[in-house]
Amino acid sequence: MVALQFRKRLAEEFARRRQVNPRYSLRAFAALLEVDHASLSQILSGNRHIPNGRMAAWAQKIKVSVEEAAVYAAIERLMDEARRSEEEKLQQWAVESL
């Protein structure tokens, strides 16, 4: 099954590397991506969004094709638009209730 979110693709790559080398750590994966390990942990768990502009660099580092990276970027943009639309609806409902 194809992961539709880049976060899931990162998690799959980390799991693949751990399967090859059980001692491979999150810190090592974070070092490869040039990001703090705590931030990467939050991204992988879904508690934090991938920083703007980092997805392309990370995709290249884990050897994701340009086409696949473009699909992930498009999906992230759609998800951002959906989140923004949902927030606008909630704000409108709050205003109407006041």
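Throughout these legends, buried means under 20% relative accessible area, exposed means over 50%, and partly exposed lies in between, for a 1.4 Å probe and protein chains only. The views show a predicted model, in which local features need pLDDT of at least 70 and side-chain atom pairs count only at pLDDT 80 or more, while totals for chains, interfaces and linings use all residues. Residues are numbered from 1 along each chain as its sequence is written, and side-chain values use heavy atoms, with hydrogens and water left out.

**View 1. Packing of helix H2 (residues 26–33) on helix H3 (residues 37–45).** Helices (H or I, at least four residues) are DSSP runs numbered from the N terminus, and their axes are lines fitted to C-alpha atoms over the stretch in contact, with angles running from 0 to 180 degrees between N-to-C directions. With contact taken as heavy atoms within 4.5 Å, H2 contributes Leu26, Arg27, Phe29, Ala30 and Leu33, and H3 contributes His37, Leu40, Ser41 and Leu44. The residues of this contact comprise six nonpolar, two polar and one charged, where Ala, Val, Leu, Ile, Met, Phe, Trp, Tyr, Cys and Pro count as nonpolar, Asp, Glu, Lys and Arg as charged, and the others, Gly among them, as polar.

**View 2. Packing of helix H1 (residues 6–20) on H2.** Here the axes are 11 Å apart and the angle is about 125°, so H1 and H2 are oblique to each other. Leu10, Glu13, Phe14 and Arg17 of H1 meet Leu26, Phe29, Leu32 and Leu33 of H2, and by class this contact has six nonpolar, no polar and two charged residues.

**View 3. Salt bridges of Glu13 with Arg9 and with Arg16.** A salt bridge is a side-chain nitrogen of Lys or Arg within 4 Å of a carboxyl oxygen of Asp or Glu, and the whole structure holds five of them. Arg9 and Glu13 pair at 3.5 Å, N to O, and, because they are four residues apart in helix H1, they are separated by about one helical turn. The closest N and O atoms of Glu13 and Arg16 are 2.7 Å apart; these two residues are three residues apart in helix H1, again about one turn of the helix. Both Arg9 and Glu13 are buried, with Glu13 at 5% relative accessibility, whereas Arg16, at 41%, counts as partly exposed. A network of salt bridges links Arg9, Glu13, Arg16, Arg17 and Glu68.

**View 4. The salt bridge between Lys61 and Glu34.** The closest N and O atoms of this pair are 3.3 Å apart, and the pair links distant parts of the chain, 27 residues apart, with Lys61 in helix H4 (residues 54–61) and Glu34 in the loop between H2 and H3. Lys61 counts as partly exposed at 27% relative accessibility.

**View 5. Positive phi at Glu34 and at Lys63.** Most residues other than glycine have a negative phi. Glu34, however, has a positive phi near 60° and is exposed, with a relative accessible area of 58%. Lys63, which lies in the loop between H4 and helix H5 (66–97), has a positive phi of about 65° although it is not a glycine, and Lys63 is exposed at a relative accessible area of 72%.

Note on methods
Angles under 35 degrees count as roughly parallel, over 145 as roughly antiparallel, 65 to 115 as roughly perpendicular and the rest as oblique.
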